[in-house]
Amino acid sequence: MAQDDYVQFVGVQKTYDGETLVVKNLDLNIRAGEFLTLLGPSGSGKTTTLMMLAGFEVPTHGRIFLDGKPIDHVPPHKRNIGMVFQNYALFPHMTVEENLAFPLNVRKIGKAEIETRIKRALGMVQLSNLGKRRPGQLSGGQQQRVALARALVFEPKLVLMDEPLGALDKQLREQMQLEIKHIHRNLGVTVVYVTHDQSEALTMSDRVAVFNDGVIQQLAKPDDLYERPQNSFVAQFIGENNRLRGKVVAMNGTGCQVEIDGGGRVEALPVKIEGVGAATTLSLRPERVRLNPASGHCSNVFEARVEELIYLGDFTRVRATVCGSSEFIIKVPNAEGAPDLVPGSSISVGWKKEDCRALDAAQ
Amino acid sequence: MTAIAENFGLDIAERDALKRRLRAVERGRRLRALALVLPLFLFILVSFVIPIGELLRNAVFDPSIRANMPQTVTALAAWDGKDLPDEAAFAALAADLAAANKAKTIALIGKRLNYELSGIRSKILVSGRKAAQLTQGPYKEAMIGIDKIWGERETWAVLKRAGATYTSFYVLDALDLGLDADGALTPTPAERAIYVTVFMRTLNISLTVTVATLLLGFPLAYLLATLPTRTSNLLMILVLLPFWTSLLVRTTAWFVLLQDNGTINDMLQALHLTSEPLPLIFSRFGTVVAMTHIQLPFTLLPIYSVMKTISPSYVRAGRSLGAGPFYAFWRIYFPLTVPGIAAGCLLTFILSLGYYITPALVGGPTDQMVSGIIERAMNSENNWGKASALGGILLFATLILYFIYNRLVGIDKIRLG
Amino acid sequence: MKTLPWLCAALLAGVSATAISVPKQASAEDTLTVISWGGAYQESQRKAFMEPYAKETGAKINEGEYNGEIAKIRAMVESKSVTWDVVDVDTQTALAACAEGTLETIDWAKLGLDRSKFIGGDIADCAVPNILYSTVIAYDTTKLKPGPTKITDLFDMQKFPGKRALQKSPFVNLEWALIADGVPMADIYKVLNTPEGVDRAFKKLDTIKKDVVWWESGAQPPQLLADGQVAIASDWNGRFFDAVKKDKKPFQIVWDGQAPDYDWWAMPKGTPNLDAAYKFIAWSSQPGPMAEQTKYISYGPANKDAGPNISAEVLKDLPTAPDNMKNVLYVDPQFWADNGDQLRERFNAWLSK
């Protein structure tokens, strides 16, 4: 165990019904001060993992360590972990101040100290003048801030957040993302954050654990996750992605050749393939595809037929048929000198071998 | 355009026209809403407001003496009550009694006065028959000769009071009070004073049942609210079972269980826990058990439906903030269930006030509740004044309790689900 | 929840509401509504009166049941919507309702019957006596050996230990208490008419108070006896007879000190079917039908002429059988009309202490 691993999951399994595992053999180390996001579709096991860490669910198998100590038999209220819930879970019968005082009263902190801390916490989330209100009298965004302040006011070293921004509208959500990020940076707490929103995960996290089917598919920094997905689920789940299915026909030192099912042969970077003859899915980000590539610049050049154009302001999304796939997306920046495209016309597209990752043949 | 028009966008005439149009549109909607409420309103008026008004009026309004002894009532108007009334009053009495005897309304006079002067009923009937044969005065001697009750000041005092259209007799009687010959408030003789005791007992039993249903119902409601739906539905059926069994079946079941050689007593004696059968039935215990059984769902259901709406994340939040299981329950979960507790307890308390069949069947002699007395006054004794007075006092006491309750809990906090 | 106070008031109002809301029904000349007390008693009337009468005359009879609520009759008469034509009433109702003018006065000539032939016929002017029943005590022969034989045994806790079931009313109980205290049968009401006499009766009742289970419905005492909850119970003789005959219970009635009383046919004032009601009462009061009724229930027919038509087998269980009439408490209806209200209050207050 590394010195700075604050939380450790070792071989953790969880089942509710004794038949299917919601979390399968989870090994996860979370560093002190880190902002780690558990990302995945619903039912992927991310929330269960969070609840086991909080102490509301008990692992069926395996152990969880907090700061080097096993916490299997530590009840939730003794774990000293701050938590922000999906719908805030502010106590409706208490004022904002009483909500914030709750964890401090439990800890038998002196009255004067409580007042100071509440004042500081409310200042941190910019709600200094709303302390006497009840949660029902606050807007969604304000409630969110109170929930955040409450989870932090007793100065825990670890804070868990369970889709805390899910109920907010887009603009407010983006603003809160930044605020949470700032607070994290200023306080230096460790944050474990659960979300199903990949852009939120990429924006906020130091590292992201992508969950699917009870298993961490990839644990990496946001840019790694986007640029270098290790399997086709991650490639598909994070960002936009062109998929080309085919069969590996040849391997060489740094690349491989893949025969596309819809026709054509592509030079790709082997990432997760089982060898010559195996089926594979090629993953290619739309912004890495070039129009009319200069000769020699791209190892893969194909004819494409423009099917549809979607104007998005800063760029245009082009749907085209490439190698038999009619769902092939190309992002064309609306910069000076952008080519004039017409649906039905034929163009030439190309991409580099390194940008085209040969991954497992997912369904 | 004027400055005003610029400020408001419209000039005054235009604004008035706009308001008129708005009113026209809203009038139609208001009328439709009224039409929807009207049937309920009429129903409540006919089935509720009018009977309650009638009930309260009956408690103080009794024209039987004024209607059947008009001359005597007039003659007594000037009587100072210090001595026996004058000859004119006796003459009026003789005339009234003779007329009532002929019209067969004399029994109503006798019945009314008998409430206050026990045994006077037959004396009045006899006086009526004999007064019909009197043809000339002096009536004072003649009437006293017929029966010496007419020579007693108290008889006349009662007659004068009863002759007023509105009487305080029934209400005072229902509070174990009465008026003596001088019109002073006196308590009912101890051997007949019962109503205050019964009122207190009614409140006492209702309160006990309310507390019992709360103590039993709260944990059960919690269990029902947290169990998976299929299991909780099964349990819910058990809770609602008393609703689906007739009073007769339930009573028989309690008998089998609670009587001296019933299941429970047999078991206690077999285990040598008691040497003699415990008085489980025909006692306060039996009454409270039976009433609690029926009332449990009324207390439980509002609590249950409120608990259903409480997200488990509240308690989890409390736990994560450092509160132990009990502290989190007491400071977070419990306060959130108070609206349901308030509704359930109020419902059970008020419904309990109206019980009379169950206490009569499984209770002892000291468990009779006020509704039982009202029922008997109404149906058997035909004394609607007493029934109304007792009903009115019970209503009034309930409203006072409701008011106090509102101050303590806040009616706006009550929620049925 | 603003409806809660309404709810509570509605419960209180319910008492008066039920008395006021009486369904209105149209009835033709040849249809008749007869109301009685239900149970085995009404069953006997149905077999002896209603069914044969309907068969013989072609009249259509609607039957109903009530629990003796005089208030229903009063409400009907006062609102001038009388839907009951013939009602079976007890003595107190017959007298009270008559005095208040809510019953038709009986025209014996129109009835075509001889008033002097009816036991108790002169007690009430607004009703025709139909049966004579009796309040008696009984015991379980398998549990009390030997059993009580006199009404005074009811108060003898030494000789006959065990609980008693008595009606929750001062009626008859006060009289029995005085008998047990040594007052001669003839002087009962003379003594009870004085405050000291009332005190004396209650004092005697005090001696068994803690051992009494008070019943309100006539169905309770046989059950209490059968369950062994009480050793001796009071009830109307027909109830015990029914338990012996139908359920084969080993009960023995003690006829000593029996308190006979009457049930009556009466007609609410203003019934639209007055003639038909007269016809039905006249038919049912003949010796034949009255004797027939004794086959179904052990109550004595009020028509003295019915006596010879009754078999010895049936007769021995009737209150009117000579063997059963050796020591009878004749209840004074006038006394109870005068003093019932206050004695009931006092009785309830006494119970509460």
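Modeller: Happy to! Let's begin with one pair of side chains: A:R288 and A:E227 meet in a salt bridge, with 2.9 Å from N to O. Keep in mind that this is a predicted model. Helix α7 of chain A, residues 222-227, gives the most to the side of domain 1 that touches domain 2, with 3 residues. That side of domain 1 of chain A divides into 3 nonpolar, 3 polar and 2 charged residues.

Now let's step back to the two domains themselves. Chain A is divided into domain 1, residues 5-232, and domain 2, residues 241-359. The C-alpha centres of these two domains of chain A lie 39 Å apart. Where they touch, domain 1 of chain A puts in 8 residues and domain 2 of chain A puts in 7 residues.

How much area do domain 1 and domain 2 of chain A bury between them? The value is about 760 Å², and 43% of it is on carbon and sulfur atoms. On the side of domain 1 of chain A, three residues stand out: A:Y226, A:P229 and A:S232 supply 58% of the area that domain 1 buries against domain 2, more than any other three residues.

Next come the polar links. Across the interface of domain 1 and domain 2 of chain A, the rule finds 1 salt bridge. The count of residue pairs in polar contact between these two domains of chain A is 4, with both residues at pLDDT 80 or more.

For some context, let's look at the meeting of two whole chains. Among the 2 pairs of chains that touch, chains B and C have the most contacts. Here 58 residues of chain B are in contact with 47 residues of chain C. Chain B and chain C bury about 5200 Å² between them, with 59% of it on carbon and sulfur atoms. From chain B, the residues B:R192, B:P365 and B:W384 supply 11% of the area that this chain buries against chain C, more than any other three residues.

Salt bridges turn up here as well: the rule finds 7 across the interface of chain B and chain C. In one, the side chains of B:K386 and C:E345 meet at 3.7 Å, N to O. As for chain A and chain C, no contact joins them, and their closest C-alpha atoms lie 19 Å apart.

Technical notes
Residues are numbered from 1 along each chain as its sequence is written. Chains are lettered from A and ligands numbered from 1 in the order in which they are written. This is a predicted model: local features need pLDDT of at least 70, side-chain atom pairs count only at pLDDT 80 or more; totals for chains, interfaces and linings use all residues. Side-chain values use heavy atoms; hydrogens and water are left out. Contact means heavy atoms within 4.5 Å. Buried area is the accessible area (1.4 Å probe) that two parts lose on being put together, summed over both. A salt bridge is a side-chain nitrogen of Lys or Arg within 4 Å of a carboxyl oxygen of Asp or Glu. Domain bounds come from an automatic or database domain assignment. A polar contact is a pair of N or O atoms within 3.5 Å; within protein, one must be able to donate a hydrogen and the other to accept it, and residues adjacent in sequence count only if both atoms are side-chain atoms. Helices (H or I, at least four residues) and strands (E, at least two) are DSSP runs, numbered from the N terminus. Ala, Val, Leu, Ile, Met, Phe, Trp, Tyr, Cys and Pro count as nonpolar, Asp, Glu, Lys and Arg as charged, and the others, Gly among them, as polar.
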